[in-house]
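Please open the model in your viewer and keep the selection panel to hand.

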Amino acid sequence: SNSTTRERAIIVCNADSKNGLSFSGRDNAKVVASTNGFSGQSSAFTVEWWMRPDNLQSNCLGIGESESTFLVTAEADGRANIYIGGRKIRGFSGYIIANEWHHYAVILENGYLTLYRDGEYFEKDYISYSASIPSLGSFTIGNDNARMNGQIDEFRVWKKALNNEALVE
């Protein structure tokens with residue numbers, strides 16, 4: 001009796017929980033999207049996914065393209081590093097948790113970068129009102145410079161900023 005339609009840019013895997021993409025024990029494994037959803041500048045977007053990382057290492061869990069365009073990486077202490085348009089926003093300490101399934105979301109809107117974990121607000125940082133992601137040539141899970149290790153499920157890139165209610169639907 002009721003329906004909602006959302007335009008989505010990319011879905012890598014939409015399977016039952018814990019049956020997604022496994023990168024465990026596979027050096028240099030990556031998935032390259034045939035379409036990436038970032039054609040032209042994008043000043044509002046959401047990247048969200050379920051992930052169970054294995055043991056964290058320095059500069060791991062690469063999602064995106066490169067530090068000069070858009071890239072999310074993690075450090076051994078669970079800090080997330082996010083790069084937008086050649087700028088490292090900063091490290092978000094304790095965001096990534098190893099050996100546990102969690103839902104992660106990175107949202108850019110009106111110059112603010114906001115992080116959620118499990119549908120709960122984690123942290124927000126102001127970048128610049130004109131902050132945007134340039135057009136990407138590719139989009140990967142697992143990066144030559146930031147190896148993916150663990151499992152990922154229900155990976156989505158949206159061409160708009162989702163709010164907290166939309167993330168937990």
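Begin with the largest nonpolar core, a set of 35 residues in which Trp49, Phe70, Ile82, Ile84, Ile96, Leu113 and Phe155 touch the most other members; such a core is a set of buried Ala, Val, Leu, Ile, Met, Phe, Trp, Tyr and Cys residues joined through side-chain atoms within 4.5 Å. At least two residues of this core come from each of strand 4 (45–53), strand 5, strand 6, strand 7, strand 8, strand 9 (102–109), strand 10 and strand 13 (150–158), and strand 4 gives the most, with four residues. Helices (H or I, at least four residues) and strands (E, at least two) are DSSP runs, numbered from the N terminus, and buried means under 20% relative accessible area, exposed over 50% and partly exposed in between (1.4 Å probe, protein chains only).

This is a predicted model, in which local features need pLDDT of at least 70 and side-chain atom pairs count only at pLDDT 80 or more, whereas totals for chains, interfaces and linings use all residues. Residues are numbered from 1 along each chain as its sequence is written, and side-chain values use heavy atoms, with hydrogens and water left out.

Next, colour the open sheet of six strands, whose order is 3-12-5-6-7-8 with antiparallel pairing; two strands pair if DSSP finds at least two bridges between them. At its edges, strand 3 (31–32) and strand 8 (87–92) each pair on one side only.

Select Ile84, which lies in strand 7 and stands opposite Arg87 in strand 8. Why does Ile84 count as buried? Ile84 is buried because its relative accessible area is 6%. Leaving aside residues up to four places away in sequence, Ile84 touches Thr69, Phe70, Ile89, Leu108, Leu113, Ile127, Ser132 and Ile133, contact meaning heavy atoms within 4.5 Å. The C-alpha atoms of Ile84 and Leu108, 24 residues apart along the chain, are separated by 9.8 Å.

Then move to Ile96, whose contacts, not counting residues up to four places away in sequence, include Met51, Leu61, Ala74, Gly78, Ala80 and Arg117.

Finish at Arg117, found in strand 10 (residues 112–117). Arg117 is buried yet has no salt bridge, and the nearest side chain of opposite charge, Asp118, is 4.7 Å away. A salt bridge is a side-chain nitrogen of Lys or Arg within 4 Å of a carboxyl oxygen of Asp or Glu; for charge, Lys and Arg count as positive and Asp and Glu as negative, while His and the chain ends are not counted.
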